[in-house]
Amino acid sequence: MSDLSVQLETPTSGKYTQPTGLFINNEFVKGVDGKTFEVINPSTEEVITSVHEATEKDVDIAVAAARKAFEGPWRKETPENRGKLLVNLANLFEKNLDLLAAVESLDNGKAVSMAKVDISMCAGCLRYYGGWADKIEGKVIDTTPDTFNYIRKEPVGVCGQIIPWNFPLLMWAWKIGPAIACGNTVVLKSAEQTPLGALVAAGLIKEAGFPPGVINIISGFGKVAGAAIASHMDVDKVAFTGSTVVGRQIMKAAAGSNLKKVTLELGGKSPNIVFEDADIDNAISWVNFGIFFNHGQCCCAGSRIYVQESIYDKFVEKFKERASKNVVGDPFAKDTFQGPQVSQVQFDRIMNYIKEGKDAGAKVEIGGTRKGDKGYFIEPTIFSGVTEDMKIVQEEIFGPVCSISKFKDKEEAIRVGNSTTYGLAAAVHTKNLNTAIEVSNALKAGTVWVNSYNTLHHQMPFGGFKESGIGRELGEAALDNYTQTKTVSIRLGDALFG
Ligand code: ADP
């Protein structure tokens, strides 16, 4: 493939031009080695198109572009202008919302109605960080009368950003927003399963007015381009969202190269705890959304459901009824809630976990099978009769599969809630304020929802306790990832030592 774009069509947005090159220095270019890879439509298992693949050499070129921009014009750009550019980008996301959402659905398989929410959240996030750009402030620290000391919050430099395929554009915005607000430059690698949306959005970077080299977007594989970013000697920071297994490799690569700063947003096995005094219908609705939203492909998915024993039987019946109503099918159909899993690899992984659960003696309440014979569709699956040591209760499945079990009292709820190596999110359903606060405080998780689930917002920090990550994304907290503190101490008095 030699072209840098192809004409594609989606059912909701019609024909459009899909860039296929690597976006470096504000231009789409081919990879140095001329490699390409295929992008598969998870609904049909057919090839959508091919895109250019970045290898180590292209990572070097992208990093050099980002370095040149960082040390040159971008360093001198005013915070106000950085903010304006991010707001321009946010506006362009809104202007192109239907197209971006359709490309996400085509590439990732998520329902187009959900993808539209993702895109408006991208715009919200970029605009929010546009607002932060001119509010990053240092302070003056008084020590002795003959010194004047201040601290500056300076950008870190060239940031490598490696994102996953479950929310391709939302992760793009979560990463780029704070990095740019703080004055850094970026080389972002999309996930190999979902490069298309990132490239359409790359085209908007130039339109928004960013100088060349400030934001570079490359497509490529984790073991090649991702690893090259993580171990690059001229990347000052790496931000990664993905599996815990790869998170460990990123940390090792950073440690083994230039000790670049590392932030990680990793996996989870989040508990969703329902007390007997909860509003049952409300709780069921959130529990259903907690696990089956985005086909269970959420790092914070509420995959372990614990229900207080007095309401357990009733809850299971009603939950089954509710989950059976989730419409699984064509992401472009109006009523679809759950599309296909993203890839054959993920599909196989999830089906293996389902088999593991069955073999271990867990009871399938609903689902447990693929849906149809084309596309990576899996029926919403609920396991009961599980024990805490089962793989399906301990390991992240990243699919529409959950376990449900009962607990006796608050103490047991807290104990089982905290019984995995993960600590990304959790939820508590109760009408009792004391229970809500006591249990939320005791759960070892970066986010706890009370009487809701998955209600992430760009103003609120998000990230993991335990093996679910390092650092926080979103909110003011994300600025810490992308700034470094410089202390300047000015001597006002005479020389101290003569
Ligand atoms: P998943 O298992 O859900 O596909 P991964 O953690 O493998 O998630 O992938 C998330 C992102 O990390 C993707 O962009 C992928 O290309 C990248 N990645 C995978 N392996 C590596 C690696 N060894 N080094 C750097 N990036 C990687």
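Colleague: What makes strand E14 (residues 271–274) and strand E19 (residues 425–429) a pair?
Modeller: In this predicted model, 3 bridges join E14 to E19, and the two run parallel. Two strands pair if DSSP finds at least two bridges between them, so E14 and E19 qualify with 3. Strands are DSSP runs (E, at least two residues) and helices likewise (H or I, at least four), numbered from the N terminus. Asparagine 272 stands opposite alanine 427 in E19.
Modeller: Local features require pLDDT of at least 70 and side-chain atom pairs 80 or more, whereas totals for chains, interfaces and linings use all residues. Residues are numbered from 1 along each chain as its sequence is written, and side-chain values use heavy atoms, leaving out hydrogens and water.

Colleague: Why are strands E16 and E20 said to stand at the edges?
Modeller: The open sheet of 7 strands has the order E16-E17-E18-E15-E14-E19-E20, with mixed pairing. E16 (363–366) and E20 (447–450) each have a single partner strand, so one side of each is left without a neighbour in the sheet.

Colleague: What makes the meeting of lysine 374 and glutamate 46 a salt bridge?
Modeller: Their side chains lie 3.2 Å apart, N to O. The term requires a side-chain nitrogen of Lys or Arg within 4 Å of a carboxyl oxygen of Asp or Glu; the pair therefore meets the criterion. Between domain 1 and domain 2 the count is 2 salt bridges.

Colleague: How do you know that domain 1 and domain 2 are in contact?
Modeller: Contact means heavy atoms within 4.5 Å, and 33 residues of domain 1 are in contact with 33 residues of domain 2.
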